[in-house]
Amino acid sequence: MKVINLENSNEKVYYEKLDNGLDIYMYNKENYHNNYVTFTTKFGSIYNEFIPIDSKKILKIPNGVAHFLEHKLFAQEKGPQPEEFFSKNGAISNAYTTFKNTTYLFSCTDKLHENLTFLLDFVQNPYFTKENVDNEKGIIIQEINMYKDSPTDILYEKIRKNSFKNNPFKESIIGEKKDINKVDKDLLYTCYKSFYHPNNMFLVITGNFNPEDTLKIIKENQKSKQFTEFKDIKLKEYKEPDEVVKEYEKIIANTDLSKVSYNIKINNKKLKLNQRKINLYLYIIFSILFGETSDFNETEKEKGIITNSLNVNLLNTDSHVLISLINQTDKYQELLEDIREYLKTIDIKEEDFNRKKKVLISNELFSFENIEIVNEMIIDNIIFENVFDKDNINAIKELNYQELKEFISNLDIKNTNIVIVTKK
Amino acid sequence: MNYNLLKMGAYNIHTIKTDRFKTVTVEVIFRRKIVKEEITIRNILKAVLLNSNSYFPSEKELIKETENLYDLKLISSNNITGNYTNLSFKVRFLSEKYIEDITDKECIKFLLDIIFKPNIKNNEFNKNIVDNCKRQLEKNIISQKDNKITYSIFKLLEKFKDYPYSYNPNGYLEDLKKINEKTLYEYYKSVIDNDIVDIFIVGNTDFDKAKEIFKEYFSTRTYAKNTKNITVKELPHTTKINTFKEIDEVNQTQLTILCSINNLTDFERKYTLSVYSNMLGGTSNSILFDAVREKNSYAYYINSINKSYDNIMIIFSGIEPNTTDKVLDIIKKKLINITKGEFDKNNLENSKETIISGIKAAKDSPSGIINTYFAKELVGSGDFEERIENIKKITTNDIINISKKIKIHSIYTLESEDSNESN
């Protein structure tokens, strides 16, 4: 078992790679009561064109399959169903699907090892039948309808659709009704076999437990299972232009307050820094420009154009970063004009930069108080950086004002679009 | 974890010493009997006080200061328990043991300045700030429909005008119009002078020092008072269920059900009802989740929430259009089954385990700890161990008994035109 020392936060994470390829990360917090366990596959909605493990031809799958699979893995052929099992142990279980991963999780105060073994067993033991797959369609279609009744979700979906041409981030994670109706059990098995190999998965355990004992339990469980040889999954390559797909769209929806977004599409490669630094600099720049401490925020409020500061949202795709400035206001035309004007010159003061660095470091310290946040932080690092080997504070400390200024001079913010959701 | 109650005359300080956290959390809660016409102004007060004070007269300067204090978290909330409304101001900050240049005292003082050194000139709040907060609240009120679940629950509860749960927690546009920098100052003074105050401090800090800080800067003129009649009067059961229907452009039908609860005992209110509601619709292993979603695929979510101090329970689900009658039949059948004792006994044991885990896990967060001790102060519920012991005691018979006290009272649906025609 390796120890990853997070020196700046004075914390440590235990790490081990099993023979079958499964990565395990453990963060132990004595005098806590709860445990939070996540089991993640690097399979999310963007993996929709790939060569399956037992094939040589590229396969295009409908949107929403990763999410469908997430729902259906909860079905077990024999014994208690996952909800029932976890509930009996006082554990709360759940799962979620994102663009790049699917995560199965539970939290519990007691019987950690029993629950952990069950989590591994149910995720590694799929049971798809024609009947149980068909039954799930109605449930997922209601989930789709729930999002369609939310104007904010409509906005977020449209932002990606209008920004990306070939990048699979443009598609919805859950899919549309027509996609869902195309899914059958064979397709689910194909995707499962390709992406749910231990080598493509990792386990993160945070809470109060003994890492050595817990690792032993996991090893025993995994030793008893057979896996085929792992093959790297070939994904279809795509070329994404720097230009957006559609520069302006106004959508009429069932809402009484308009939602507006100004979106900037930025090519990662041209920024000459690693992804983590790009994110940190972008966060610092845009929160200084538009956050609660900005002149922009103050002026727009005085003019009565906004009442809350703009929400700055960063979406990391493999080719581009999409920055979205979002607000709810019926005075969106004035707001958009002011944003455009304001972005003509980006000037960040050193004093503000240093203050934001302090904020970022403090937040890392805050997050170690919450075992769920620590767990999610480890997942994020692995999904977006492919590695978790040091704490984020290192990266934050490395940021410097000179580099920021260079970063700003390389920043090309001319590829933009606007999406508005408004009432009739 | 070591709990202590300091009676300071006008207010109580609850100290919870623990070395579990690197942060210290301090929360000040003002409470009074809820008055419908005060909800709006109380929300405005919450927002305005959080926006600036006399030392940092603009939002920009105030937030910069929180960032300088190692991103001290400044949070306020306004919520309702039964007949009472609780206005809270809270800070969470890194303890002086982990940072060099800022003391716990500075951070606690920062919170007290938010409350006692507001941005006031000539007995008036700053007009620009009040106006902006009013515009924000107006937006919250007009955009309620964006969230179909909370909107539907609100539209259903709104029908019961004599009961505080019918009040819109955001407030009302007609009351908003009447608020200005002068009336807000009057209301502010009345809160400081009249509300019941409880203060919670969680973490590893010097509590004697903290007490001195409060003695010096906590300048309220209030006096110790008791909370009376937290519980809202009962909504009598009805033999004929009321139904309300609203037509709108929606993709799924919102089905929201209000259950009246009569004759609860104190024990049932504090413990049994939460177990009953958890079994019925609290988790993805609940009776309704299994019947409506897993067995029939009518919905993605179905939940029940118990509002013990309102004597009501709410069941809500987003369902496939045109299945309202079928889903209602299932729910009614399941409610009757529980009354007859026809339910899987594992469901009861599982719900007890789930609730007990939740109580234990609450010890891992400052807010979980404060909520537990605030409930103890407010309604006399037990501390962690006592609550766990009481949940353990609940039997099948207890569930059957309480189920007889819970009846469907009213049903509200939000549905599209098409589903209306085919009904």
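Guide: Two strands count as paired if DSSP finds at least two bridges between them. The model discussed here is predicted.

Visitor: What makes strand 11 and strand 15 of chain A a pair?

Guide: Strand 11 of chain A and strand 15 (residues 416-422) of chain A are joined over 5 bridges, in the parallel sense. The definition asks for at least two bridges, so the two strands of chain A pair. Within this pairing, Ile251(A) stands opposite Val421(A) of strand 15 of chain A.

Visitor: Why is strand 11 of chain A said to stand at an edge?

Guide: The open sheet has 5 strands in the order 11-15-12-14-13 (chain A), with mixed pairing. Strand 11 (248-252) and strand 13 (311-316) of chain A each have a single partner strand, so one side of each lacks a neighbour in the sheet. From one strand to the next, the twist averages 20°. Helix 11 (residues 332-342) of chain A packs on this sheet and touches strand 12 (259-267), strand 14 (320-328) and strand 15 of chain A. The direction of helix 11 of chain A makes about 25° with that of strand 12 of chain A.

Visitor: How do you know that strand 11 and strand 12 of chain B pair?

Guide: Strand 11 (residues 299-307) and strand 12 (residues 312-319) of chain B share 7 bridges in the antiparallel sense. The cut-off is at least two bridges, so these strands of chain B pair. Asn306(B) stands opposite Met313(B) in strand 12 of chain B. The two strands of chain B form a hairpin with 4 residues between them, and Asn311(B) in the turn has a positive phi of about 60°.

Visitor: How many residues of chain A and of chain B are in contact?

Guide: The contact joins 48 residues of chain A with 50 residues of chain B. Helix 4 of chain A gives the largest share of the side of chain A that touches chain B, 8 residues. That side of chain A has 11 nonpolar, 23 polar and 14 charged residues.

Note on methods:
Residues are numbered from 1 along each chain as its sequence is written. Chains are lettered from A and ligands numbered from 1 in the order in which they are written. This is a predicted model: local features need pLDDT of at least 70, side-chain atom pairs count only at pLDDT 80 or more; totals for chains, interfaces and linings use all residues. Two residues are in contact if their C-beta atoms, placed from the backbone, lie within 7 Å. Ala, Val, Leu, Ile, Met, Phe, Trp, Tyr, Cys and Pro count as nonpolar, Asp, Glu, Lys and Arg as charged, and the others, Gly among them, as polar. Axes are lines fitted to C-alpha atoms, for helices over the stretch in contact, and angles run from 0 to 180 degrees between N-to-C directions.
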